[in-house]
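User: I would like to learn how to read the contacts between two chains, and then a few features within each chain. Could you take me through them one at a time?

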Amino acid sequence: MLLAVSPVVQAKELSGDLEIFSWWAGDEGPALQALIDKYNEENPGVKVINATVTGGSGVNAKAVLKTRMLGGEPPDSFQVHAGQELIGTWVEADRMEDLTPLFKEQGWMDVFPEGLIKNIGTKDGIWSVPVNIHRSNVIWYSPEKLQEWGVQPPATWDEFFAVAPELQEKGIVPLALAQNWTANHLWESVALASMGPEKWDALWAGELAFDSAEGVAAWELFGKVLEYTNKDASSLSWQQATDMVVDGRAAFNVMGDWAAGYMSTTKKLVPGSGFGWAASPGTTGEFMFLADSFGLPKGVKNRDNAMAWLAILGSREGSDAFNPLKGSISARKDSELGLYNNYGKSAAVDFSKNIIVGSLAHGVTANEGFMNDFASVMEMFLKSRNAETAAKAAQQIAVKNGISK
Amino acid sequence: MRNQDRVKAFLTLLPSIVLIAIFVYGFIGNTFWLSMTDWGGVGALAENPVKNIIGFGNYVELFTGFLGGGFRQDLVNAVFYSVMLLAGAIGIGLILAMLLDNKPKGEAFFRTVFLYPMSLSFIVTGTIWRWMLAPQGGVNILPTYAGFEPLQYSWLSSSTTVLTFDWQNLLQVAIYLVAAVLIIWGFLTIRSSQRRALWLLVPGVVAGAGAWIWGDLLPKTLFMEEMHGFNTATIGIIMATIWQYSGYTMALYLAGFTGISQDLRDAAMLDGATTAGYYRHIALPLVKPITISAVIILSHISLKMFDLIFAMTGPDNAETGHPALNMYLTTFRANDFAKGAAIAIILFLIAATFIIPYMVSSYKQRRTR
């Protein structure tokens with residue numbers, strides 16, 4: 001037991017409250033509850049207040065968090081996407097505590113992959129404890145239905161374009177899409193396929209302009225992909241888009257691997273036979289990651305309790321209690337693979353072998369300002385389908401938000 | 001003695017004067033000041049963020065900047081939205097009130113039914129209507145009960161735009177609108193005063209014709225073409241709002257109609273007025289103040305529309321966007337506080353254009369009485 005030997009965290013019997021702020025509810029609620037149970041086992045004296053604000057991708061939670069932080073009433077620990085979303089927002093504003101001492105004390109510098117620590121830290125410190133790793137570039141399908149239609153999962157977008165018209169003729173939506181943010185989610189997979197991992201990284205390092213030939217090409221490919229999506233996308237949730245694939249109304253859906261959790265936990269489908277997956281077209285061998293993590297705001301009421309919470313999150317037991325339920329994989333290198341389902345095992349293997357790139361739609365590569373503006377650019381594009389204008393607008397917001405010069 | 005009363009009255013009012021001065025006007029002033037700064041971007045959430053005065057830059061950006069396109073579409077949406085809500089809620093409310101005014105059987109029951117939606121919050125209405133207008137449910141499957149094919153209309157996700165205009169020609173469009181108002185007004189007054197009608201009609205026709213002929217010479221608002229118009233996806237939201245508020249206007253009108261003395265109605269009937277004639281010539285002119293207050297109330301409700309749209313179509317939905325939603329996202333998601341404040345001030349000014357003429361006219365009325 002790592003926790004038993006930890007001097008800071010277990011030095012005294014903890015009591016009082018611990019307020020944790022997240023957007024995990026509904027299908028993701030049980031995974032969070034598993035962590036809370038683990039915490040209460042270790043610290044029976046602490047009353048955990050689960051302050052959840054629902055809404056996919058944290059749309060509502062982030063706004064509530066902001067008013068609380070600005071009002072001087074930070075929660076003891078809050079969920080945030082690892083990477084620029086935290087660093088470009090709260091770390092820049094000097095509102096977070098450096099967690100490097102906790103990482104050193106718990107021996108986490110060795111158990112988390114180096115590339116990950118680089119992404120959650122700056123030269124001044126490490127800012128959050130990652131609970132999980134999700135993959136964003138996954139295409140989902142129903143093996144049974146594909147067999148019935150005589151279709152193979154596409155390895156490239158060209159392969160997709162070859163089968164898509166056929167599917168459309170049969171009255172099947174080739175690619176299920178849901179509301180606004182899932183369009184951003186699809187865009188990043190398409191853009192990664194279009195430009196490749198080096199150029200993708202160069203984009204976020206400010207070395208490649210969004211309105212360069214590569215940037216425009218990504219929007220053009222995206223526009224072509226959109227031709228094969230459902231027209232009622234903007235009124236569906238991501239779960240409803242996944243349902244379309246499960247029910248056989250749509251052939252494919254590009255969604256993060258929380259869809260695996262949804263299909264196996266809520267829909268009771270068996271990974272591999274009930275639903276199938278592959279890297280989204282054109283991104284085989286690349287792992288576009290995002291991570292949920294928790295940070296420690298400055299000036300919280302129950303700092304000791306929060307530290308103990310963070311220690312649970314980073315521990316192997318905590319990680320393995322949480323991730324199989326959430327449908328994600330552990331951020332640690334030493335997780336117990338036996339606990340994970342077939343999807344989880346395959347993702348963990350990919351994570352260790354593939355080229356790792358950060359996700360835009362889920363806050364790794366860009367700060368909140370860029371992400372918000374990008375949503376407007378996306379809307380502009382969905383309406384006009386003008387690749388040139390969208391690329392130019394993307395470049396402007398990159399300049400405005402300090403990503404590009 | 002009289003002075004003492006005045007002092008007492010002043011002291012009684014003082015706390016509310018001070019509180020209103022701070023919490024209403026002070027905060028409006030503060031928001032205006034913020035809208036002139038560059039508070040936003042990286043580090044905007046620091047305890048002491050850097051703010052520099054940049055003048056009207058945020059407003060210029062919103063109306064003519066490359067990235068303000070979303071805001072402009074939202075503004076256009078809001079205009080169509082207000083007009084349709086006013087027409088729908090006042091029209092339906094009036095019809096319902098007339099029907100109930102004739103004391104049908106079960107009047108009390110129907111009054112409750114029609115007024116009920118008003119007691120719901122917008123977030124509930126939004127959730128209900130989102131289900132009703134779902135692509136494969138609710139309204140669309142109604143015809144199947146009668147043995148017909150289901151409707152295929154995408155109420156909330158249609159991407160058709162009608163009545164489009166180019167934002168580049170905003171000035172020309174504005175002149176057309178002014179000309180149209182002048183001409184219609186002129187025709188309405190032609191019977192009572194021909195002199196006045198002439199004063200309205202001639203400038204109206206000249207302005208309209210001028211804008212039509214020399215439109216190309218007018219300065220352009222934008223450097224590129226940008227089409228905006230009435231998004232048919234907003235119809236779903238307008239339906240939900242009308243559903244919520246027509247009961248309310250019904251109640252307003254019904255109160256007005258009940259206030260008209262029965263003797264007046266009997267007298268009219270005795271003189272041979274039909275029911276339609278009674279409403280057209282007697283009841284409606286008498287409840288004119290109610291129409292005006294309904295317009296004021298509904299127009300400012302349509303300007304602060306937020307939760308209904310959020311519940312029905314979510315954020316980041318250009319088709320159904322609204323400046324109020326845009327303000328919230330700009331401020332609390334993009335951390336662009338200055339631009340959010342600018343949107344707030346624009347909304348405030350639009351609301352003022354409705355409220356101020358109303359206040360002036362009611363103040364005048366009180367003085368002449």
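User: How many salt bridges does the rule find across the interface of chain A and chain B?

Analyst: A salt bridge is a side-chain nitrogen of Lys or Arg within 4 Å of a carboxyl oxygen of Asp or Glu. Across the interface of chain A and chain B the rule gives one, formed by the side chains of B:Asp336 and A:Lys400 with an N to O distance of 3.5 Å. This is a predicted model, in which local features need pLDDT of at least 70 and side-chain atom pairs count only at pLDDT 80 or more, while totals for chains, interfaces and linings use all residues. Side-chain values use heavy atoms, with hydrogens and water left out, residues are numbered from 1 along each chain as its sequence is written, and chains are lettered from A and ligands numbered from 1 in the order in which they are written.

User: Which elements give two or more residues to the side of chain A that touches chain B?

Analyst: Helices (H or I, at least four residues) and strands (E, at least two) are DSSP runs, numbered from the N terminus. On chain A these elements are α2 (59-70), α3 (84-91), α16 (368-384) and α17 (387-400), and α16(A) gives the most, with eight residues.

User: How much area do chain A and chain B bury between them?

Analyst: Buried area is the accessible area (1.4 Å probe) that two parts lose on being put together, summed over both. For chain A and chain B it is about 2,800 Å², with 57% of it on carbon and sulfur atoms. Where contact means heavy atoms within 4.5 Å, 33 residues of chain A are in contact with 31 residues of chain B.

User: Where are A:Asp94 and A:Arg385 found?

Analyst: A:Asp94, a residue other than glycine with a positive phi near 60°, is in the loop between α3 and α4 (100-105) of chain A. A:Arg385, also not a glycine, has a positive phi of about 55° and is found in the loop between α16 and α17 of chain A.
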